[in-house]
Amino acid sequence: MNPVTELWRSLIEALVALGDVSRFLLRLILATPRALLRFELIVRQIFNSGALSLVIIMLSGLFVGMVLGLQGFQLLQRFGSEEALGVAAAIGLVKELSPVITALLFAGRAGTALASEIGLMRATDQLSAMEMMAVDPIERVVVPRFLGGVIAMPLLAAIFSVIGVYGAQLVGVQIMHVDSGSFWSQMRAGVDFRDVNEGLVKSCIFGVACSLIAVYQGYYAIPTAEGVGRATTRTVVSSAVMVLFLDYLLTSAFL
Amino acid sequence: MNTPAAIVEIRDLHYAVNGRPIFDGLDVDIAPGRITAIMGPSGTGKTTLLRLITGQLRAYSGSLIVAGQDMRSLRRAGLYALRRRMGMLFQNGALLTDLSVFENVAFPLREHTDLTERLIRQLVLTKLQAVGLRGAADLMPAELSGGMGRRVALARAIVMDPEILVYDEPFVGLDPISLGVILRLIRRLNDVLGLTSIVVSHDVTEISSVADSVYLLSGGKVAAHGAPRDLQASSSPVVRQFIGGLPDGPVPFHFPAPDYFGELLARGEGH
């Protein structure tokens, strides 16, 4: 086939998919008020997506912070400004690394679990059975999982930042002997509310994007073993690309 | 054949999937308070018919009236109201795997009523007792055998005291004991609860022993209709083939294919 028509066709397909996802998001938002009445379902999903992702988030945060401490120290030492390590690590973490890496890890840990769980519920007729019991699966199954992810993401990103700063401190102060007082005081002076706000907004938007992609892929998975597998893979790939794309847009918007 | 008080009334129903007609002028009347079996070879759309009756699929053309409601014009709220008067047993049970047996049966009550915990407990235990699984209340669905899972699903289907109970292939993959249990439950629940039961199945002997009336579907139409005994005595070739389990007849053994020798002798194009 002609490459131009091929490109045109895939562009149209992408637009149609975007339209479908937007309509699905609208359905979720419309069902949200009723789903909020059953808050215990949402709390359980915050636990599933959030608390169960804590170990991977904390470990990754620690190592990312430690690498930042090491690399930052090497670089700043050349200019004799090792004390700036605290502010450099904190800004890097809060504005950029925490939201992005948390979102990528979330897609891999919680997003795949959401997509395969909902997909398997579809494949084993559990969603049809709910429909037959006059219970809307969007309201009972999809929205609580979606909201659970949306709420968990900024919390996870915040924890990632905290552990990351601790990791940077561990390497910078404890091992490389940067002065502890200036490490913390420069951080406090250099990181202002706008930086924290940027990270918060990013992780909230990533939370919506990753959770939406996961529940959408699960809900519309082809009800076979192969279909659910493909939905899981797509969740990770689409989430990763979407997060990095949105990150660029948001970063330029905050400049 | 034409009962005026039919609880499900289907007239001249046409339905197609991807241009392939499944139903081509189907007429079915389901009498209230009785067990009606819908039989037919695989692929004749028995399950599709159930999904049309329960509103999971929308009728393509023709009329489909369930409990006085026209399914084609029914909006979502009306459909959900109608479904509270229906129960459905799915082929694999379709229990919610993250809830225990007790919670599965309690699920419709918790979703649709404000009953006290004590009353819910009593209702659920009564229904579990009716299917003989009160002792399994605390198990998870994964710990149940196929037959037990289907009985739990049956308890869940009757917990809201429906008027119509729909069974999709309730005998598939069951051992003879579980099969006997399910058969007896279908009959007993129908008579004790005053239900209307619609059973889709292709297990001729099993369903003939319990059904009051049978519809045999073939080629998108009703091939035969009557009491099981009448069908046994029928001389229609389709009925004879189906009841007798003959491999070839009006329903051909071969899926439509090009000429056999021609394809064998061809030089392997296409495959």
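**Domain organisation and chain contacts of the two-chain model**

Twelve residues of domain 1 of chain B are in contact with eleven residues of domain 2 of chain B, two residues being in contact if their C-beta atoms, placed from the backbone, lie within 7 Å. On the domain 1 side, helix H6 (residues 176–193) of chain B contributes the largest share, six residues. Helices (H or I, at least four residues) and strands (E, at least two) are DSSP runs, numbered from the N terminus. The residues on this side of domain 1 comprise eight nonpolar, two polar and two charged; Ala, Val, Leu, Ile, Met, Phe, Trp, Tyr, Cys and Pro count as nonpolar, Asp, Glu, Lys and Arg as charged, and the others, Gly among them, as polar. Domain 1 of chain B consists of 1–85 + 163–271 and domain 2 of 94–161, with bounds that come from an automatic or database domain assignment. The centres of the two domains of chain B, taken over C-alpha atoms, are 27 Å apart.

The structure is a predicted model, in which local features need pLDDT of at least 70 and side-chain atom pairs count only at pLDDT 80 or more, whereas totals for chains, interfaces and linings use all residues. Residues are numbered from 1 along each chain as its sequence is written, and chains are lettered from A and ligands numbered from 1 in the order in which they are written.

Chain B contains ten helices and ten strands. Its radius of gyration of 20 Å is close to the 18 Å given by the globule rule for 271 residues, so chain B is as compact as a globular protein of that length. The radius is taken over C-alpha atoms, and the rule is 2.2 Å times the number of residues to the power 0.38. The C-alpha trace of chain B spans about 70 × 40 × 40 Å along its principal axes. Buried residues account for 37% of the 271 residues of chain B; a residue is buried if 20 or more other C-beta atoms lie within 10 Å of its own, exposed if 12 or fewer, and partly exposed in between. Of the contacts in chain B between residues at least 6 apart in sequence, 64% join residues at least 24 apart.

An open, antiparallel sheet of four strands in chain B has the order S2-S1-S4-S5, strands being paired if DSSP finds at least two bridges between them. Strand S2 (20–30) and strand S5 (69–70) of chain B are the edge strands, each with a single partner, so one side of each is left without a neighbour in the sheet. Within this sheet, strand S1 (residues 8–17) and strand S4 (residues 61–66) of chain B run antiparallel and are joined by five bridges. B:Arg11 has B:Ser63 of S4(B) as its bridge partner.

Two alanines of chain B have a positive phi. B:Ala67, in the loop between S4 and S5 of chain B, has a phi near 50 degrees and counts as partly exposed, with 15 C-beta neighbours inside 10 Å. For B:Ala94, phi is about 55 degrees; this residue lies in the loop between strand S6 (86–89) and H3 of chain B and, with 25 C-beta neighbours inside 10 Å, counts as buried.

Between the chains, 14 residues of chain B are in contact with ten residues of chain A. Helix H2 (76–83) and helix H3 (101–112) of chain B each supply at least two residues of the side that touches chain A, and H3(B) gives the largest share, four residues. By class, this side of chain B has seven nonpolar, four polar and three charged residues. Among the buried residues of H3(B) are B:Val101, B:Phe102 and B:Phe107. The buried residues of H3(B) pack against helix H4 (117–130) and helix H5 (146–158) of chain B.

Chain A has nine helices and zero strands. Its C-alpha trace spans about 65 × 55 × 30 Å along the principal axes, and 45% of its 255 residues are buried. In helix H7 (residues 180–190) of chain A, the buried residues include A:Phe183, A:Gln186 and A:Met187. These residues cover an arc of only 105 degrees around the axis, which puts them on the same side of H7(A); the arc is that of the directions from the helix axis to the C-beta atoms. The buried residues of H7(A) pack against helix H4 (85–123) and helix H6 (137–175) of chain A, whereas the face turned away from the buried side carries the exposed residues A:Gly181, A:Arg188 and A:Ala189.
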